[in-house]
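Hi,

Here is the structure I promised to pass on. Have a look at it first, and my notes on its charged side chains follow below.

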Amino acid sequence: MSEFTFLFRGSDPTAQSPEEMQKSMQKWLAWFKELGEKGHIKYPGHPLERTGKVVTGKHKSVHDGPYAEAKDIVNGFTLIEARDLAQAVEISKGCPIFEAGGSVEVRPIRVLGM
Amino acid sequence: MEPSDHLFRREAGRMIATLTRVFGVHNLALAEDVVQDAFCRALEVWKFRGVPDNPSAWLLAAAKNRAFDILRRQRTARTFAPELGRLLDSEWTLVPAVEELFTANAIKDDLLRMMFSCCQARLAEEAQVALILNILCGFSVNEIASAFVSSHAAIEKRITRAKKLLAASKRLFDVTAPADFAARLPAVHRALYLLFNEGYHGASAETAVRAELCHEAMRLAALLLEHPLGSTPATYALSALMCFNAARLPARVNAAGNLTSLFDQDRSLWDRKLATDGIRLLELAATGRELTEYHVEAAIASVHARAPRAEDTDWTAIVLLYDMLMSVRPSPIVALNRAIAVAQHEGPERGLEAIGAIEDRDRLTGYPFYPAALGEFELRRGRHETARKHFHAALALARNPMERQFLTQRIGACERGDPRQPTILEPAARLQREIRT
């Protein structure tokens with residue numbers, strides 16, 4: 001088994017009604033539940049605040065960030081266990097984020113060692 | 001754990017009502033933003049961590065924290081609820097004052113306060129109903145438009161204007177003043193009655209949507225009953241009426257998705273528990289001196305509820321009750337319903353006579369059940385061709401696919417000369433849109 005991180009981007013629910021938001025949440029819960037039952041969740045991860053600071057350059061200048069457009073901001077991550085990248089990608093396709101126009105970045109976690 | 005159905009929608013009403021109390025009604029939009037924000041937080045956190053043990057408390061706490069943030073940050077820049085006044089000036093008084101507003105009992109009153117505020121006379125009745133659905137029941141403009149089979153733009157305009165008016169009303173309705181409460185209560189009853197009817201007789205073909213509207217009206221009526229000033233005989237009567245009608249909801253649309261008349265419904269599908277609740281509530285309504293239209297309508301519904309088969313219906317009692325309704329709240333629609341009961345009781349000729357005797361029956365032009373009733377009576381007399389013409393006239397007036405389908409079937413019955421026991425779709429006792437009573 002290998003480990004992967006799913007980086008979730010851009011599912012901004014602000015235009016939705018309470019009922020739609022609840023439905024969307026229930027889809028996420030169902031998806032996580034299914035992944036958990038199949039043993040794919042290494043660590044459920046965290047949502048990230050949309051605000052923060054970005055520190056850059058030799059002078060370590062601090063800016064309000066992230067700069068990216070709403071759809072490009074990473075707003076959460078999860079650690080996944082899968083056979084290989086292909087399976088991890090297959091798993092990501094069940095994510096409800098796509099219905100809201102968001103994306104999932106699937107990144108293999110590099111194995112440290114020789 | 002799984003969140004209960006419509007948790008967000010239901011909590012939206014509680015949170016907005018309370019936040020509006022904290023921020024002041026002029027900051028209604030701010031309260032709505034905070035609620036939206038709490039839902040976004042819940043969505044983000046719960047999907048990673050699962051639903052907390054007490055999701056309602058979680059949401060309320062998220063809204064409260066955000067409210068504290070805003071009060072602290074903007075207390076000089078913005079004016080908040082006048083009732084809170086100087087309590088917001090100091091941290092010592094702000095925290096207990098706001099905490100107090102977020103207790104369960106305070107929230108219950110806030111819901112009533114908002115409900116009464118939505119039912120002010122300056123708002124048209126349909127605007128009151130839309131506002132209640134939007135603010136207290138958490139329906140979006142889109143959801144209301146689809147339930148009312150109306151355009152998004154029309155509903156949005158209605159709600160935006162209503163909110164502007166509400167936000168300009170300086171302060172929320174005071175539910176602790178008995179005289180004001182009693183004076184506003186009939187308007188609240190009426191709005192809940194219309195909300196229920198929109199679900200029961202409404203135009204949306206989607207049964208689930210319509211049942212939701214009925215349930216919302218019942219939930220809000222139950223809130224009224226919990227309040228010492230709200231639990232009047234009229235509120236009991238209105239609640240009884242809703243129970244009796246809601247009991248029939250499971251049978252109103254048959255397996256094929258067609259509207260089924262009261263006389264054709266499979267009565268074994270009626271919800272016995274709701275009917276029993278209706279009887280209990282109607283007994284509780286039978287106190288005091290006031291006889292409202294809700295008492296009479298509930299009594300009529302109870303006669304139907306008590307009949308195990310359509311042919312067991314006590315039509316004598318129903319005609320008498322319609323006579324009573326005509327004296328409490330006369331309208332051509334009530335008179336038409338009375339004529340239908342007369343026809344059931346004494347035959348179609350007497351029914352036609354009763355229709356002929358409706359003085360202001362010109363106000364029924366445009367109401368599809370007027371020609372439909374004429375059609376039924378004529379069909380029952382064996383005058384198929386006349387009946388067919390009436391049903392065609394009704395079809396031209398039909399307001400939704402379910403009504404159209406029902407009337408098309410009746411036209412088919414005329415063409416076949418169908419001897420089957422004729423049916424009349426259960427028309428609204430009073431109509432909300434076409435005819436202003």
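**Salt bridges, pair by pair**

Let's start with a residue in chain A: A:Lys93 is exposed, as its relative accessible area is 54%. Keep in mind throughout that this is a predicted model.

A:Lys93 has a partner, A:Glu90, and their side chains form a salt bridge with N and O 3.1 Å apart. A:Glu90 comes out as partly exposed, at 49% relative accessibility.

Also in chain A, there's a salt bridge between A:Glu105 and A:Arg107, where the closest N and O atoms are 2.8 Å apart. Both ends are partly exposed: A:Arg107 has 45% relative accessibility, while A:Glu105 has a relative accessible area of 22%.

Over in chain B, B:Lys64 pairs with B:Glu99, again as a salt bridge, and the closest N and O atoms sit 2.8 Å apart. B:Lys64 belongs to helix 3 (residues 55–74) of chain B and B:Glu99 to helix 4 (residues 91–101) of chain B, so this pair ties together parts that are 35 residues apart in sequence. Is B:Lys64 buried or exposed? It counts as buried, because its relative accessibility is 18% and the cut-off for buried is under 20%. B:Glu99, at 32%, is partly exposed.

Then there's a network of salt bridges that brings in both chains: A:Glu19 is linked with B:Arg9, B:Arg10, B:Glu212, B:Glu216 and B:Arg219.

Cheers

Technical notes. Residues are numbered from 1 along each chain as its sequence is written. Chains are lettered from A and ligands numbered from 1 in the order in which they are written. This is a predicted model: local features need pLDDT of at least 70, side-chain atom pairs count only at pLDDT 80 or more; totals for chains, interfaces and linings use all residues. Side-chain values use heavy atoms; hydrogens and water are left out. A salt bridge is a side-chain nitrogen of Lys or Arg within 4 Å of a carboxyl oxygen of Asp or Glu. Buried means under 20% relative accessible area, exposed over 50%, partly exposed in between (1.4 Å probe, protein chains only). Helices (H or I, at least four residues) and strands (E, at least two) are DSSP runs, numbered from the N terminus.
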